[in-house]
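Here's a short tour of a protein model, written for someone new to reading structures. Have the picture open and follow along.

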Amino acid sequence: MRVALLVTCMNDTLFPDVGKAVVTLLRRLGVDVGFPEAQTCCGQPMVNTGYLDEAAPIVRNFVFAFEGYDYIVAPSGSCVGSVRHQHALVARRSNDQRLEQAVTEVSPRVLELSEFLVDVLGVTDVGASFPHTVTYHPSCHSLRMLGVGDRPLTLLRKVRGLRLADLPDAEVCCGFGGTFAVKNPDTSVAMGADKVRNVVNTGAEVLVAGDSACLMHIGGMLSRQRAGVRVMHLAEVLASTDLAEIGDTEVAL
């Protein structure tokens with residue numbers, strides 16, 4: 001089984017430890033992970049802002065970079081959602097039949113991390129240990145575009161020492177939404193404040209999510225409020241095998 005890591009732009013540039021955690025985790029589970037160096041952005045920012053024609057070269061590069069792999073795993077429901085739902089739209093608009101065929105072949109192989117672990121590997125206990133109280137925020141794209149459901153929670157419940165606290169209104173958006181946060185900053189901050197209040201009220205030490213963008217948004221607000229709650233990507237928790245300190249995971253913006 002040939003497996004590739006789609007690290008995503010945000011993790012590559014801002015949160016590289018997330019990508020490293022995915023590799024550590026999958027190797028521990030016996031998966032040999034490749035990293036195609038030709039990979040770039042999935043094209044989501046352009047598609048979301050209406051630049052579908054400009055996204056075509058990005059989609060073309062994507063299928064070139066990842067062709068030949070059985071599965072492409074990404075620590076981001078947002079980017080996976082873009083590949084599985086938007087790439088076909090871009091390819092059809094390009095009137096390039098070869099690109100359409102390539103997208104049809106590659107896109108279904110792109111999976112969010114929890115999908116790959118639970119559905120492909122058939123694993124729910126990944127051998128992780130993380131003795132902290134955790135609450136989980138499901139990102140909008142993973143929840144609504146991909147339908148990952150309770151897969152992340154199932155994985156977290158099997159982590160040794162981890163205490164899972166329910167997050168009130170967990171399915172409500174955190175307010176980031178990519179360019180939404182830029183175009184509608186007041187609304188974005190208000191939504192983020194609601195999410196932060198609910199996170200703090202859980203009494204959790206750590207907020208976990210499967211998308212670094214959400215964690216950056218919520219984590220920045222938690223940090224500025226000195227709330228004492230850290231943020232960590234799901235991959236980082238699942239890769240943990242000891243009593244590792246979490247002090248370096250706070251987002252300070």
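## A helix across a sheet

Helix α12 lies across β5, β7 and β8, running at about 175° to β8. For that angle, axes are lines fitted to C-alpha atoms (for helices, over the stretch in contact), and angles run from 0 to 180 degrees between N-to-C directions. Helices (H or I, at least four residues) and strands (E, at least two) are DSSP runs, numbered from the N terminus.

Keep in mind that this is a predicted model: local features need pLDDT of at least 70, side-chain atom pairs count only at pLDDT 80 or more, and totals for chains, interfaces and linings use all residues. Residues are numbered from 1 along each chain as its sequence is written, and side-chain values use heavy atoms, leaving out hydrogens and water.

## The sheet itself

Now for the strands. Four of them make an open sheet, in the order β6-β5-β7-β8, with parallel pairing; two strands pair if DSSP finds at least two bridges between them. At the edges sit β6 (163–165) and β8 (230–233), each pairing on one side only. On average, neighbouring strands here are turned by 35° against each other, direction ignored.

Zoom in on β5 and β6, and you'll find three bridges in the parallel sense. T135 has A165 in β6 as its bridge partner.

Is H217 buried or exposed? H217 is buried, because its relative accessible area is 13% and buried means under 20% (exposed is over 50%, partly exposed in between; 1.4 Å probe, protein chains only). This residue belongs to helix α12 (residues 212–224). Skipping its neighbours within four places in sequence, H217 is in contact (heavy atoms within 4.5 Å) with C174, G175, F176, S188 and G192.

## The nonpolar cores

In soluble globular proteins, nonpolar side chains tend to be buried together. A nonpolar core is a set of buried Ala, Val, Leu, Ile, Met, Phe, Trp, Tyr and Cys residues joined through side-chain atoms within 4.5 Å. The largest one here has 33 residues, and those with the most contacts inside it are L26, L113, L117, V126, F130, V208 and L238. Among the elements that each supply at least two residues of this core are α2 (16–28), α7 (113–120) and β7 (206–209).

Take L238: not counting residues up to four places away in sequence, L238 touches L25, R28, L117, V126, A128, L155 and V159.
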